[in-house]
Amino acid sequence: MTVPARESAWLRAMPWIFVLIWSTGFIVARYGMPNSPPLKFLATRYAFSVACLLPWVLLAGVAWPRSRPQWLHLAVTGILMHAFYLGGVWMAVKAGMGSGLSALVVGLQPVLTAIWLSSTGSSVTGRQWLGLVLGFGGLVLVVSNKFGAGGPGDQATWANLAMAVVALVSITAGTLYQKRFVQPCDVRSANAVQLLAALVVTLPLALLETEAMQWNGELIGALAWSVLVLSVGGSSLLYMLIQRGAAASVASLMYLVPPCTALMAWLLFAEPITPTTLLGTAITAFGVSLVVRSPR
């Protein structure tokens, strides 16, 4: 395989690798959240992520953003897509919201993205709207068995619903903001700036949490995966996808996260996959294909 062919194959695989990585965020919460308050965990995650990225940036001689506005734009996206998005999701899970319901709320992102693009005069075709509706319908089917359970770790309240909505609005706004204002630059330095901004915002709030982190194997494993795979790997992939594709197409990938999470939970925790889950997954995949398919 030639170098251009390998590069083309990598570019085609990037969205699916991103979905796999992003889906593990809900799995990690099952291991980590019982042993730590959410903001302390996230502040520690951001600190270790920056510590991993900075030597890489310096040793590789990677260029930093060239202007002060670009530093500011990267910081804004970091606060929205890390501090507020992850903070909202992890606080909602810690407050008792189930992973399926939190995934469903955040899964509304493509709808918000399409509505915003349509309101600003950007072209969102009828085929894409149909894909968004089908994707959301499939998503509801996948997580429908999570509603009404009312057990520990699967309770919806106004408080944790508000936290999940904050996460939804933040990831949507961060994606649109980055596509609009952030100029292409090296993903390593961009990710470092974003994570550093998230750390600056999250750390003071984490110090207000009274619960202590219980350092054990589950917490250490969750932290290591969060730093190396989610923050360094997944966030870098998301940055590259936003820079290379349309905002509505990138957002539509989030539709695949809950079905993928359900599959991982079945493999790791023997959680059953019902016929409804299989049907919802198929509908979601078809809806995503309608949104991301290039026009003829």
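Predicted model: local features only at pLDDT ≥ 70, side-chain atom pairs only at ≥ 80, totals over all residues.
Trainee: How many helices and strands does the protein chain have?

Mentor: The protein chain has 12 helices and zero strands, where helices (H or I, at least four residues) and strands (E, at least two) are DSSP runs numbered from the N terminus. Among contacts (heavy atoms within 4.5 Å) between residues at least 6 apart in sequence, 91% join residues at least 24 apart.

Trainee: What makes the pair of Trp64 and Trp71 stacked?

Mentor: Rings of Phe, Tyr and Trp (its six-membered ring) pair if their centres lie within 6.5 Å, and planes under 30 degrees apart count as stacked, over 60 as edge-to-face and the rest as tilted. The structure holds three aromatic pairs. In one of them, the ring centres of Trp64 and Trp71 are 5.7 Å apart and the planes stand at 20 degrees, so this pair is stacked.

Trainee: Why is the pair of Tyr177 and Phe181 called tilted?

Mentor: The ring centres of Tyr177 and Phe181 lie 4.6 Å apart, and their planes are at 40 degrees, so the pair is tilted. Tyr177 and Phe181 are separated by about one helical turn, because they are four residues apart in helix α7 (residues 158-181).

Trainee: How do you know that Arg180 lies over the face of Phe181?

Mentor: A charge sits over a ring if NZ of Lys or CZ of Arg is within 6 Å of the ring centre and within 35 degrees of the ring normal. Arg180 is 4.8 Å from the ring centre of Phe181 and lies over its face.

Trainee: What makes Phe181 partly exposed, and why does Thr77 count as buried?

Mentor: Buried means under 20% relative accessible area, exposed over 50%, and partly exposed in between (1.4 Å probe, protein chains only). Phe181 has a relative accessible area of 35%, so it is partly exposed, whereas Thr77 has 0% and is therefore buried. Ala173, which lies in helix α7, has 30% relative accessibility and so counts as partly exposed. Across the protein chain, buried residues make up 49% of the 296 residues.

Trainee: Which residues does Thr77 touch, leaving aside those up to four places away in sequence?

Mentor: Thr77, found in helix α3, touches His82, Gly174, Tyr177, Gln178, Val182 and Gln194.

Trainee: What makes the approach of Asn35 to Asn216 a polar contact?

Mentor: A polar contact is a pair of N or O atoms within 3.5 Å; within protein, one must be able to donate a hydrogen and the other to accept it, and residues adjacent in sequence count only if both atoms are side-chain atoms. The side chains of Asn35 and Asn216 are joined by a polar contact of 3.0 Å. Asn35 is found in the loop between α1 (3-32) and α2 (38-59), and its 13% relative accessibility is why it counts as buried.

Trainee: Where does the side chain of Thr24 find a backbone oxygen?

Mentor: A polar atom of the side chain of Thr24 lies 2.5 Å from the backbone oxygen of Ile21. Thr24 is in helix α1, and at 9% relative accessibility it counts as buried. Leaving aside neighbours within four places in sequence, Thr24 is in contact with Trp225, Leu230 and Met264.

Trainee: Which residues line the largest cavity?

Mentor: On a 1 Å grid over the protein atoms alone, a cavity is a set of points where a 1.4 Å probe fits but cannot get out, and lining residues have an atom within 4 Å of a point. The structure holds three cavities of 30 Å³ or more, and about 140 Å³ of space lies in the largest, a volume being the space filled by probe spheres set on the points, which are joined across faces, edges and corners. Its lining includes Trp22, Arg45, His82 and Leu230, and α3 (68-94) gives the most, with five residues.

Technical notes
Residues numbered from 1 in each chain as written. Heavy atoms only, no water. 1 Å grid on protein atoms, 1.4 Å probe; cavity = no way out; pocket = protein on both sides within 12 Å on 5 of 7 lines; lining within 4 Å.
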